[in-house]
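This report looks at one helix and then at aromatic rings. Please keep the structure in view while reading.

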Amino acid sequence: MSGSYGGRRASLVEDGADAPRADLLPDHQRSDGGSKRSTSTLEQLLALRSPGWVPGTDAPGHLAVDVGDGDEVDNGTVDFVGRSAVHFVLAFHELTYSVGRPRRMVFRRSRHVETDATTCTATRGSSRTTALLDGISGEAREGEILAVLGASGAGKSTLIDALADRIQRESLRGAVTLNGEALDGRLLKVISAYVMQDDLLFPMLTVAETLMYSAEFRLPRSLSTSKKKSRVQALIDQLGLRAAANTIIGDEGRRGVSGGERRRVSIGVDIIHDPIILFLDEPTSGLDSTSAFMVVKVLQGIAQSGSVVTMSIHQPSYRIISLLDRLLFLSGGRTVYYGPPAGLPLFFSEFGHPIPNGENPAEFALDHICELESTPEGTDDLVEFSKSWQEKPLARAVSAASTGPQDKPSLSLEEAIRISIARGKLVSGATRTSDDSTEATSTAKVATYGNPWWVEVWVLSRRAFTNTRRTPELFLFRLATVVVTAFILATVFWRLDNTPKGVNERFGFFAIAMSTMFYASADALPVFLAERYIYLRETAHNAYRRSSYTLSNAIVAFPPLVVLSLAFTVISFFAVGLAGGVGGFLFFVLIVLASFWAGGGFVTFLSGVIPDVIVGYTVVVAVLAYFLLFSGFFVTRDRIPSYWVWFHYLSLIKYPYEAVMQNEFGADPAKCFVRGVQMFDGTPMGRLPEATKVNVLNAMSKSMRVDFNSSSCITTGPDILRMQAVTDIGKWSCLWVTVAWGFLFRALFYITLVLGSRNKRR
């Protein structure tokens, strides 16, 4: 059994699955000509890279860098292509992570007892916790794949999160180091990538477009578009996606690429910049055996290109085991085996449970661990045996024979990263600066983001517009809703007259029209919710800034609002017979647009706070109803109780409602809306004969000694505004306040992105 694993490297060639390294990383080219190598200092090597250099173009052939003081020391010479030395070792020591168990309160005779939710054991005043990780140690080395295995709940994903700095530092005990140095969270984000278990991709983008947008985010602006395309095409070939390059990703409602292809695209999105460390959470989950093998084969190529690959996997097949370099079996957060696959038969043989011939060692190990977990003693004996096994010379010999020498990297972390940048890895964070002097000096440093913010906004906006263009039905449905609403309002409030009834009907039209703008904006709620986890994945490792996403979200949302505003205004304004002429029409367009803008901002902000569509719609409808109630239509401002007046000024509908009221009734101060006997309309006297009402009016004129008759103007537009308490601010101020609400809510949306996307366990 062990012999089959000893010949693992040769079997890969026989399978025909060992793809050339240059397909994935064209800059890592082997040189077969001659044995002589040129030796350069680090600065000289960096000088060979022009600012526009990209993997796959004019790469150094076969160079070595002497990082010593001039002495020829084997460990000091690093062969970039032959990989005669390991540059990176990700080590973890005694990782421990615990979470509190949920408790429930059981009330008994006026006193309560705290009861553990899982064991139902009564406890008093003590805090019970569950250890998800319990003293886990090991290492992952450049050029190798470390696979974490175990049953569901064993702690696989938790360990990957711990290594990827996705657990808050104060909650995690132990140490995670790279080349013996503690990893800074900011640096780890730049040099690593994390592939989630779920495939989080835009369904309407093609494979090539998805990878190209990722390249534009992560590769520096100094690289030309053609070089970025070359990188994408090389990656497509390495991922085995050439046949599906122009196929959309697809989802449940649209046919697209297969599950295995989708998983490889997810990996490609995160390795487009060739990260030094790659974390994957069960990349083979849900795939058939062939697709799973192809995915792991791609990961092997990534590792051999000079990356540290760490992944969790549930139940690998025999072929997949042959691709793995180190296995870490977990049970209840504890290590039950750590070492190469070739050591499994000997390990279980020494433990007293030899693996039968022809059986998959990984499956046997998982089955045996599950059997032990079901016993009262659990896996305690296996855990203790694993600790003693690691100290045995035989175990070390098996590990050395399977994975090669375990020498520590001779370079410091800073030196290793610089050399990695020089050979073309970590392209997104690598920058090179030089002066114009004769002896130019070159330095390489790691930047937080690959591009300036305005490039990120441009790329994000183009991607969003592409998605919008390929789903026109979403905008058409929204446009149809606005058009139908405008048509119904236009026909119901057709040609309103300047009578008291016409005035009241105008109030109703304005209230319904302005509130419609906000309710129609509710369709913005699922936009971010659908992209939420894509956004979290991309920003977790600094693909772009949160501010860039916020700005692009607003830019993409604005053009449709202009179309909707014009459609609603053109249909309703002239049909209802609103006042103001051309100026009034243009102002009505602006206030409708501002209402859409403020409503969209409000709903977008809620989508950042409430991660559920159903709950989000419920909150939107309820809050907008409150806004309408306190807008001044149902109860005027001077009649609202003092303890609710603050809500009146917070109402988003208040400002556009008052703006259109002033636009209508303040356009012509001399325009009359109530004349003579019309003042009796809407009162019991309105049912009296016309002659009687004229006599009453004359009597009132004589009694009050005011000269007015049946044609005299009783109420003008400004009088109506005073009666409705619409006098505190002007219409243009209302417009600017409405616009400001839109900006404020988008600023609040940005704050929710900053506070709500930590993406770390506590």
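## Helix H20

Helix H20 covers residues 525–540. At 1.5 Å a residue, its 16 residues should span 22 Å, and its end C-alpha atoms are 23 Å apart, which agrees. The expected span is 1.5 Å times one less than the number of residues. Helices here are DSSP runs (H or I, at least four residues), numbered from the N terminus.

H20 has a kink of about 50 degrees, centred on Arg532. The bend is the angle between axes fitted to the seven residues ending there and the seven starting there. Twelve of the 16 residues are buried, so H20 is largely enclosed by the rest of the structure. Buried means under 20% relative accessible area (1.4 Å probe, protein chains only). Among them are Leu525, Phe528 and Arg532.

## Basis of the model

The model is predicted: local features need pLDDT of at least 70, side-chain atom pairs count only at pLDDT 80 or more, and totals for chains, interfaces and linings use all residues. Residues are numbered from 1 along each chain as its sequence is written, and side-chain values use heavy atoms, leaving out hydrogens and water.

## Aromatic pairs

The whole structure holds 39 aromatic pairs. Rings of Phe, Tyr and Trp (its six-membered ring) pair if their centres lie within 6.5 Å; planes under 30 degrees apart count as stacked, over 60 as edge-to-face and the rest as tilted.

Phe351 and Phe385 form a tilted pair, 5.3 Å centre to centre, with 50 degrees between the planes. Phe351 lies in helix H12 and Phe385 in helix H14, so the pair ties together parts 34 residues apart in sequence. Both Phe351 and Phe385 are buried.

Note on methods:
Helices (H or I, at least four residues) and strands (E, at least two) are DSSP runs, numbered from the N terminus. Buried means under 20% relative accessible area, exposed over 50%, partly exposed in between (1.4 Å probe, protein chains only).
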